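Hi everyone, thanks for coming.

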Amino acid sequence: MDASHKHVKADCEALLARFQQTQSVRFEVFANIWREMKFSQIFRGVVKHEKRAFCHLVLNTAYCYFLPPFSFQIRVGGLYLLYSLYYTQTASPSEQIHLALKDWEEVKKFENNAIDAQHMDAVYILRHLMFCKAFRFTAMPTLLCFQTNKVKERSVLREEFIERASRPQELISSGLLEEMSNVSDLYENMKASVLSQMTTPGDSSFNLIRKDLVSQLSGTVQEFYNWQREKETFDENENSQEDTSQKVCSNRAELLASIKSKAFGEAPETLKSRRHRRVEMNSTTEASAALLNQGYTRILKQSLRKRTRDALLLSGDVQMESASHTRISLLATLDSASKKILKEERS
Amino acid sequence: MAESKQTPDANTGIPEYEYIDVNTKPFHVGSFRDEWLARLRPEDFSFQQEDEETFEANFAAEMGLGADTMAELKSACSIDSLRCHPEDEQLSMDDVPSNPRLKTLIQRKRKQERASSHNIHKNRHDFYADELERLTIGRPPEMGADRIPKGEVLLTINIYHPAVYEKFNFTRPCMTLLMTGSHTLTELRDAICCISDLQVCGEFSKTPDVAPDFISKDHFKSAFFFFEGVFYNDMRFPECQDISITTVEWAKAHNFPQYSQAKMEDTRFVDLKVKVGFPYLYCHQGECEHIIIITDVRLFHKTDCLDKNLYPLLTHKHRSLTQKCAVCHVFIARWYTTNDQFAPSDPCLFCDQCFRILHYDTEGNKLGQFFAFPYTDRGAFN
C-alpha cells in the first residue's frame, strides 16, 4: 500500500498539472481532463478486501491538495478531484473524506474567496459534498499510529502548485504607508521643535530613524513585486480583452483590484482567486502553446548514480561492464568465449 | 495586517501535530467535540439525509441565482461528466484495463502479474482485515433509545500485544476497538481480550478432570490505564487493589514529575485529555502490560454503526497462529507438560484426548512422572 501511495500521488499531480495549464477553474475543464486521462480507472483491479483501504488512501492523497500552501487554482483542482474520486469510488458504502478540525478555517476562507470571485461551480461542489455528508469531522487527516521508525520521505510539494508569496504586498498596504508617513511627519516636526530649543542641535545621536522610510518601503515592495512577475513568465496583457464567457466574474474582480491599486499607486495585487488568470484566453492555440513553452522550468537534479558516472568519466568497455552485474561464470571462461557472450547480450 | 499566530494551549481542544504524522499534542476530547459542534450547522452532522431540492433551492437563494443558472450549474457539475466509458458498456471493476496510462494501474498490473507467476499464498491477515468492519459498516441506524445521539464522539483505539510477546509488539495491533465518548474506561477494560486473563494457575497432573474453579481474570481484578501522567485504577470490586501506587511513590522518591491517580469507572472518554497517535499503557494482572494508542477521534457519521448496544465495537482482530498438539497436529493444544518422560520435548503441548491417552490409564490413574498445566492458546480469540 505504501508503494501505491507514490503512484497515486504522481497521478494526482499529473492531473493537477494539466489543470493548472488550462488556467481555468471551471469544472467542465476539469471533467474534460479527467475523461481524457480516464482517471476513474484508478479504482479498477483492486482486490475486494483492499477496496476500502485504497479508497481511503486515494481520498487522503487528494485531500492535501485542497489545503494551503497551494495556490487557489490548485486548491480548486483538489476540491474537484475530491468530488470526482468520492463519487467514482468502488467501496460501498462510500469511504468518507477526513476533514481535520485545524483545517476548517482554511476551508471556510477558501469558500469565501470562491464566493467573492463568483466561482459558483466550486462553491456548489463544496456545498454538495457537505450536503451528501461526504466529510468525516476528525481530529487529524490520517490515522496516527506513532510510526517513527518508518522512513518518512518528506513529501516535496511541487513548487508550481504553491501559492505565490504575497505577504510583503499585503503587509505594506496603501493604508499602512499613509499612516506611517503621517506618523513620521509628526515625529519630524516634534523633533525639530524640540531640537530648536536645545543647546546642541547638531548631535548625531538624535538621528534615530531612517529618512524617507516610507518611500523606501514602497519602492522595495514594488521591486519585489516586479521581480516576482518577471520570474513567472507571462504575457503582460492584464488590462486587455477578456474571455467572453467569464465576462461578469473577471470584470468585477479586476475592477475591485484596479480600484484598490489606482488609489495609492501601490503594487497592484490581484485577488487570490484571480491570480491563476495570467494570460487572457482568446481561445487561440498560439497563446497556450507559447505559455507551454515558457512554462515551468523545473530544475531537475540528476540522480546520484548518473552524476557519479559522469564524474568518473569511464569509457568504452569499462563503462559497459561497470554498469552491468558481475558475471562470476565469466571468470572461468576463455577470453574469446566471454567476449562472445557479452556481444550476444549487448545486441 | 499580520495575524498573530494563535498557539492553542491544551484547553482549546484543537488538535495540532506535535510531530508531523506521528502524534498530536494533548487535547481535551470534550472540548474537541464542542469546537466541532460550534463550527458546524446541525444539518452537517445529523444522520438524516437532507432533501436535494431543498438544498438546491437554498443554495440558489443564498447566491442569488436564477432558476436557469441553477439548472445550468447543476448539469455542469453533475457526475455524469466524469464517466470515462460509454454508457452502455459494462465494465468489470475487478480487472485492470489493458494499456493503462495511470502509474497506479501500471504498478498494479505488474504486481498482479508477479503474484500470479510466483503463486504466492493468500495472506490470511489481509484477507480478513476488514471482515469485522464489513459486518457493521452501513448498518441501518437504529431508532429509539438504542441510537447514538448525534454529535457524539467516536474514538478508534488500537490495543497491542503484551510487551512480553516476541512478535508484533509495536507494529500490528492485536485488536482495534471503536468507543464512544460517553463510555467509561471500565467498558474499554472489559472489552480488551487478553489470553493472560484466561490463564489458570496451578498444576493439575493428578486431577485432570477437575474443572478449574477460577481463571486469572476473576482472581486478579486490578488494572489501570495510564494517560498523560494520570493513573486510572479499576476500583469496582472489593478485591481490586491500587497497583499503580508503587509507581507513583517511586516517582516521587526519584525526582520524576508528579503523577496523579483517578478512578477508571468515574472517567469517561470525553473527560480525558489525550494525544492522538501517542502510546499509553494498560496494565492488568499486575504484570501484563499492553500499549494502547488512540488513532483517531471524530464525530459520528451516518455510515457508522449507530446501535449503542454494539459498542465497544471490534473492527479488527489479529489472527494468531494456534499451537497444535504435538501428537496429532490437528487439535489445538490444551495441556502444557514439563519434566514429562513420555513427551518428545520439554516443554510439550497436548490436546485433551492425546494427553489423557498418553498419560493416564483407563481408570484415570496417573502414569509416570510429569507436571501438567492447563494451556490457553493465543489464538483462542480468533
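**Where chain A meets chain B**

Let's start with the interface. Chain A and chain B bury about 6,700 Å² between them, and 63% of that area is on carbon and sulfur atoms. Please keep in mind that this is a predicted model. In terms of residues, 72 from chain A are in contact with 82 from chain B.

What about polar interactions here? Across the interface of chain A and chain B, the rule finds 21 residue pairs in polar contact, with both residues at pLDDT 80 or more.

How many salt bridges does the rule find across the interface of chain A and chain B? It finds three. There is also a salt bridge for you to look at in detail: the side chains of Arg136(A) and Asp304(B) meet at 3.4 Å, N to O.

Now, cysteines. A search of the whole structure finds zero disulfides over all chains. Take Cys325(B): the nearest cysteine sulfur belongs to Cys328(B) and is 3.7 Å away, and Cys325(B) is in no disulfide. Cys325(B) has 0% relative accessibility and counts as buried. For Cys240(B), also in no disulfide, the nearest cysteine sulfur is that of Cys283(B), 13 Å away. Cys240(B) counts as buried too, at 10% relative accessibility.

On to the backbone of chain B, for those of you who like checking torsions. The peptide bond from Tyr311(B) to Pro312(B) is cis, with omega near -5°. Pro312(B) lies in the loop between strand S11 (288–299) and strand S12 (313–317). Another cis bond runs from Asp346(B) to Pro347(B), with omega near 0°. Pro347(B) is in the loop between strand S13 (335–338) and strand S14 (348–350).

That loop between S13 and S14 also holds Asn339(B), a residue other than glycine with a positive phi, near 50°. Is Asn255(B) buried or exposed? At 76% relative accessibility, Asn255(B) counts as exposed, whereas Asn339(B) is partly exposed at 47%. Asn255(B) has a positive phi as well, about 65°, although it is not a glycine. You'll find Asn255(B) in the loop between helix H10 (245–253) and strand S8 (260–263) of chain B.

That's my tour; over to you for questions.

Terms used:
Residues numbered from 1 in each chain as written. Chains lettered and ligands numbered in written order. Predicted model: local features only at pLDDT ≥ 70, side-chain atom pairs only at ≥ 80, totals over all residues. Heavy atoms only, no water. Contact = heavy atoms within 4.5 Å. Buried area = accessible area lost by both parts, 1.4 Å probe. Salt bridge = Lys/Arg side-chain N within 4 Å of Asp/Glu carboxyl O. Polar contact = N/O pair within 3.5 Å; in protein donor to acceptor, adjacent residues only side chain to side chain. Disulfide = S-S within 2.5 Å. Buried < 20%, exposed > 50% of the residue type's maximum accessible area, 1.4 Å probe, protein only. Helix = DSSP H or I, 4+ residues; strand = E, 2+ residues; numbered from the N terminus.
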